[in-house]
Amino acid sequence: MNGNRKIWANLALLLTAAIWGSGFVFQKFATDELSTSFIVAARFTVAGIVIAIAVAKKWKHMSKRCFIGGFWAGVTLAVGTAFQTVAMSLGTSPGKSAFLTACYCVMVPFMYWGVKKEKPKKNHVLSAFLCVFGIGLISLTGGGGLTLGDIATLVCGVIFAANIIVISLYSQGNDPMLFTAVQICTAAVCGWVCVLFAGGMPETVSMGAMGNILYLAVFSTCVSLTLQTFGLKYTNATVGTVLLSLESVFGVLFSILLYGEKVTARMGIGFAVVFVAVLLSQMDFSSKKEEETQKISG
């Protein structure tokens, strides 16, 4: 029974990665018609309503720490998503966005160093160098520099890394679904504030554009969140991390299939290097050595 549950958990995480990867394409399609602020606002409003209803009985248990942490997590989520969306409107393809965004995994240990004074491990340093090399292969094609879209995507990665730090600091001791509900609802409010001040409200929204928003809200946010929660609960953390990191790979695959993105050999190598860097940044070699030492001493 436990073995079957683990298999289903791994499949749930694999499906989560696939949904997240496909989301880059639908996000790109949405930018063809809608403003960045409206995409952020509409996406997280729909997702926020669904999740708020799902945790309706838990709102009365809201703590001050949960609200504050969820608020800042929501702000960073909204800003990061906005930069990612702007980058796509500037021409960054879904595949490139998937891998450049994935660099946030490499940034987290260094940002956490500044907050908790926990020095990054050797694999984090190596993964950072690999990541920079991979970014160069992906973006510095034809002898040119980084495009504005590429820079905006990397900024998005930095902000998403900050989002992870906020979640790690405040989510402990709080109900994860309630914390997530506050985060997503806050992101929706931030989106509508930007719509109000930036004038991003569209006069009309086509069925196609609305479909893109609904996919991002329902599948890329609500469904994937549920699958991720189930998967990580019943599988090994390392296996779960590897499966979720396939998001960037699925991003390229769906971009090729649905968006018609052309991937050069150089970009393909860059994607592979960044993927290895992301995997390396998630490995905890020191803990393995400690476990082996404890077994020997025991």
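This is a predicted model: local features need pLDDT of at least 70, side-chain atom pairs count only at pLDDT 80 or more; totals for chains, interfaces and linings use all residues.

Guide: Let's begin with how the pieces get their names: helices (H or I, at least four residues) and strands (E, at least two) are DSSP runs, numbered from the N terminus. Residues are numbered from 1 along each chain as its sequence is written, and side-chain values use heavy atoms, with hydrogens and water left out.

Alanine 42 has a relative accessible area of 11%, and that makes it buried (under 20%; exposed is over 50%, partly exposed in between, with a 1.4 Å probe and protein chains only). Skip its neighbours within four places in sequence, and alanine 42 still has Trp192 and Ile213 in contact, meaning heavy atoms within 4.5 Å. Leucine 15 is 27 residues away along the chain, and its C-alpha atom is 24 Å from that of alanine 42.

Now step past the end of α2. A salt bridge here is a side-chain nitrogen of Lys or Arg within 4 Å of a carboxyl oxygen of Asp or Glu, and the count comes to 2. One joins lysine 58 to aspartate 175, with 3.0 Å between the closest N and O atoms. Those partners come from distant parts of the chain, 117 residues apart: lysine 58 is in the loop between α2 (36-54) and α3 (64-89), and aspartate 175 is in the loop between α7 (148-170) and α8 (176-198). Lysine 58 is partly exposed at 32% relative accessible area, and aspartate 175 is partly exposed too, at 28%.

There is also a salt bridge between aspartate 150 and lysine 96, whose closest N and O atoms are 3.2 Å apart.

Val79, Phe83, Leu90, Leu140, Leu146, Leu148, Ile151 and Val155 make a nonpolar patch of about 630 Å². The elements giving two or more residues to this patch are α3 and α7, and α7 supplies the largest share, 3 residues. One member, leucine 140, belongs to the loop between α6 (122-139) and α7 and is partly exposed at 34% relative accessibility. Patch members have over 30% relative accessible area and no salt bridge; like charges are joined within 9 Å, nonpolar side chains (Val, Leu, Ile, Met, Phe, Trp, Tyr) within 5 Å.

Last, the rings. Rings of Phe, Tyr and Trp (its six-membered ring) pair if their centres lie within 6.5 Å; planes under 30 degrees apart are stacked, over 60 edge-to-face, the rest tilted. That rule gives 10 aromatic pairs. One of them, phenylalanine 71 with tryptophan 72, is edge-to-face, at 5.1 Å centre to centre and 80° between the planes. The pair of phenylalanine 250 and phenylalanine 254 is tilted, because the centres are 6.4 Å apart and the planes meet at 35°. Both of these phenylalanines lie in helix α11 (residues 247-259), 4 residues apart, about one turn of the helix. Finally, Phe26, Phe29, Tyr215, Phe219 and Tyr259 form one aromatic cluster.

Terms used. Accessible areas come from the Shrake-Rupley method with a 1.4 Å probe; for residues, only the protein chains shown count as cover.
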